[in-house]
There are 2 protein chains.
Amino acid sequence: MGGDRAPGEIVAGARQAAEQGNIAVVLVGRPGEMGDTGGLPVIEAGEVIGMGDDPGQGVRRKKDSSLVRAAEAVRDGKALAMVSAGNTGATMASALLRMGRLPGVIRPAIATPIPDLNRAWPTVMLDAGANAECTPQMLLQFAEMGAAFTRNRYGVERPRVALLSIGEEKSKGTPLVKETHAMLASGAGGPGLEFVGNVEGRDFFEGLADVIVTDGFTGNVALKTLEGSLRFLIGALTEIFARPEVREIADALSPHLLPLATALDPESTGGAMLLGVNGVCVISHGSSSSVAIVNAITVAHDLAVAGLVADVAASVRQGPAE
Amino acid sequence: MGGDRAPGEIVAGARQAAEQGNIAVVLVGRPGEMGDTGGLPVIEAGEVIGMGDDPGQGVRRKKDSSLVRAAEAVRDGKALAMVSAGNTGATMASALLRMGRLPGVIRPAIATPIPDLNRAWPTVMLDAGANAECTPQMLLQFAEMGAAFTRNRYGVERPRVALLSIGEEKSKGTPLVKETHAMLASGAGGPGLEFVGNVEGRDFFEGLADVIVTDGFTGNVALKTLEGSLRFLIGALTEIFARPEVREIADALSPHLLPLATALDPESTGGAMLLGVNGVCVISHGSSSSVAIVNAITVAHDLAVAGLVADVAASVRQGPAE
């Protein structure tokens with residue numbers, strides 16, 4: 001029921017994933033409002049947490065909301081994973097409160113893939129906004145969980161993990177960054193990852209690391225700055241290309257630009273992952289179309305089948321907390 | 001003597017600013033290494049702080065460096081302003097230690113203009129990296145100094161000041177952001193600015209504010225992410241345009257793209273400003289060409305003549321500290 005284009009595009013994407021992807025999709029929501037569900041099973045949920053609702057209040061008060069019911073379905077083994085394009089904070093809160101944290105995890109984090117044109121897998125940044133305030137111990141776990149995700153999802157055996165800072169030197173940054181740097185440099189992240197030091201904001205597309213770790217405030221600002229900058233430039237170019245005297249040239253150019261546009265389209269990645277909860281939870285853009293939902297459902301399915309949650313749990317248990 | 005292309009491009013830019021802009025430029029550095037200075041006066045400085053040198057150590061140990069001597073020239077009234085494309089940290093440290101802070105200023109901040117295609121003036125973001133750790137009182141002063149700069153430089157009578165956060169609501173962000181929000185919302189920034197609340201990373205090009213305030217860690221990450229994202233996309237497009245089968249189409253397009261490229265070229269803005277020190281200090285990109293140096297010298301000259309330092313000093317004295 002959540003998302004700017006729900007339930008129409010969500011249901012359409014779910015049907016497509018079921019029919020073409022042969023994935024057993026369960027819908028959660030108000031049966032009377034979903035339109036033609038194409039025979040997909042439905043878990044009824046009478047309430048909806050709106051995009052602008054306070055996440056904590058929404059989850060506490062609307063216990064019969066589609067988000068809470070979806071998280072309960074995963075908890076109760078009725079579903080392998082949940083996907084939502086709804087209120088991001090409420091999606092996180094539902095997953096956290098109903099699925100619960102994995103043993104040893106201090107706080108779950110949002111991992112977001114950033115496309116890399118020069119290789120077959122993206123750069124994963126976390127935390128993209130779940131935790132505005134972090135401790136070095138939390139960032140250390142983000143490194144472990146991000147590496148486990150990258151290994152599970154993209155087959156990168158020993159992911160290179162970097163810390164987002166304002167200079168390459170270990171002396172650069174806040175006390176949080178410097179302490180985390182010292183822990184990772186001393187091998188606290190375990191043998192499953194290779195710590196490659198600090199990277200800067202300009203390095204997101206440089207392929208210097210497979211995983212970039214930061215607190216949820218910096219990560220959210222950086223991700224939105226990145227998306228906003230690309231959108232701004234693409235918008236400015238689109239405006240130029242639409243001018244009458246340019247349109248013909250632009251038309252001749254468009255087949256050459258299409259692969260780049262596709263590679264950068266956030267809809268093609270399927271969304272962000274909430275790591276550290278006891279279940280698979282994919283958070284899609286609020287603006288998700290049916291195409292984005294198909295991709296998100298496919299990613300969620302693949303992660304569940306590939307045992308992501310067990311891998312994330314094992315990565316954290318290997319940490320120094322044990 | 002500082003900058004990736006120094007002293008050649010620096011001296012060339014200085015000569016051009018003097019000859020075409022009719023600005024009285026003084027060079028600071030090693031006379032024997034500057035090439036033809038075209039008769040410009042030279043303040044001799046025997047040492048050079050390298051781009052990779054530790055800023056604090058460099059300034060303390062190399063008292064006869066061009067950066068330290070340039071800051072001393074401003075302090076001693078031998079120059080109205082200093083411009084450097086050298087080591088950013090050392091430029092800040094030289095200005096801070098030799099010119100000194102303005103009365104009441106807790107810490108100087110780096111203000112960086114971000115182009116806005118829809119209006120005649122840019123959005124100014126500060127702090128872009130001088131202070132990794134900040135207090136709400138510091139951010140309040142950044143708001144005041146940024147507003148004073150925007151008024152002085154761009155003639156915006158009552159600049160709209162926003163706080164960089166991870167959501168529009170005042171409840172979003174770190175304790176630092178929330179406390180600063182409360183201070184600015186209660187009018188602590190004085191009558192010279194209009195506080196418009198929080199903006200997010202995606203809003204840098206949206207024209208929602210004239211000044212965006214943040215701590216130096218977040219600001220540096222955001223600015224480098226913004227620059228890196230634009231550079232990445234421009235690089236990907238340039239690669240496509242250079243393909244043999246595309247080159248002809250791209251050539252027809254280039255006159256239409258030129259104004260956009262010019263508007264986004266960091267060389268055209270002249271660089272960043274260090275606000276809060278007792279003198280004008282313009283910090284140019286390390287990669288500055290002679291064109292960037294001409295613009296930086298012109299900006300520095302104009303700011304000095306327009307009384308920027310007095311305006312910044314007055315803006316801070318209006319604050320609640322008095």
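Me: Which residue just after α1(A) takes a positive phi?
Reply: Helices here are DSSP runs (H or I, at least four residues), numbered from the N terminus. This is a predicted model, where local features need pLDDT of at least 70, side-chain atom pairs count only at pLDDT 80 or more, and totals for chains, interfaces and linings use all residues. Residues are numbered from 1 along each chain as its sequence is written, while chains are lettered from A and ligands numbered from 1 in the order in which they are written. With phi at about 55 degrees, the residue is A:Asn22.

Me: How far does helix α1 of chain A reach from its first C-alpha to its last?
Reply: Helix α1 covers residues 8–21 of chain A, 14 residues. The expected span is 1.5 Å times one less than the number of residues.

Me: What covers the buried residues of α1(A)?
Reply: A residue is buried if 20 or more other C-beta atoms, placed from the backbone, lie within 10 Å of its own. Among those buried in α1(A) are A:Ile10, A:Val11 and A:Ala14. Their cover in chain A includes β1 (27–29) and α9 (290–305).

Me: Which helix gives the largest share of the side of domain 1 of chain A that touches domain 2 of chain A?
Reply: Domain 1 is 1–105 + 276–322 and domain 2 is 117–270 in chain A, with bounds from an automatic or database domain assignment. Contact means C-beta atoms, placed from the backbone, within 7 Å; 23 residues of domain 1 of chain A meet 19 residues of domain 2 of chain A this way. α9 and α10 (308–317) of chain A each supply at least two residues of the domain 1 side. The largest share, seven residues, comes from α9(A).

Me: Which helix gives the most to the side of chain A that touches chain B?
Reply: The contact takes 38 residues from chain A and 38 residues from chain B. On the chain A side, α7 (216–241) and α8 (244–264) each supply at least two residues. The most, 17 residues, comes from α7(A).

Terms used
A residue is buried if 20 or more other C-beta atoms lie within 10 Å of its own, exposed if 12 or fewer, and partly exposed in between; C-beta atoms are placed from the backbone. Two residues are in contact if their C-beta atoms, placed from the backbone, lie within 7 Å.
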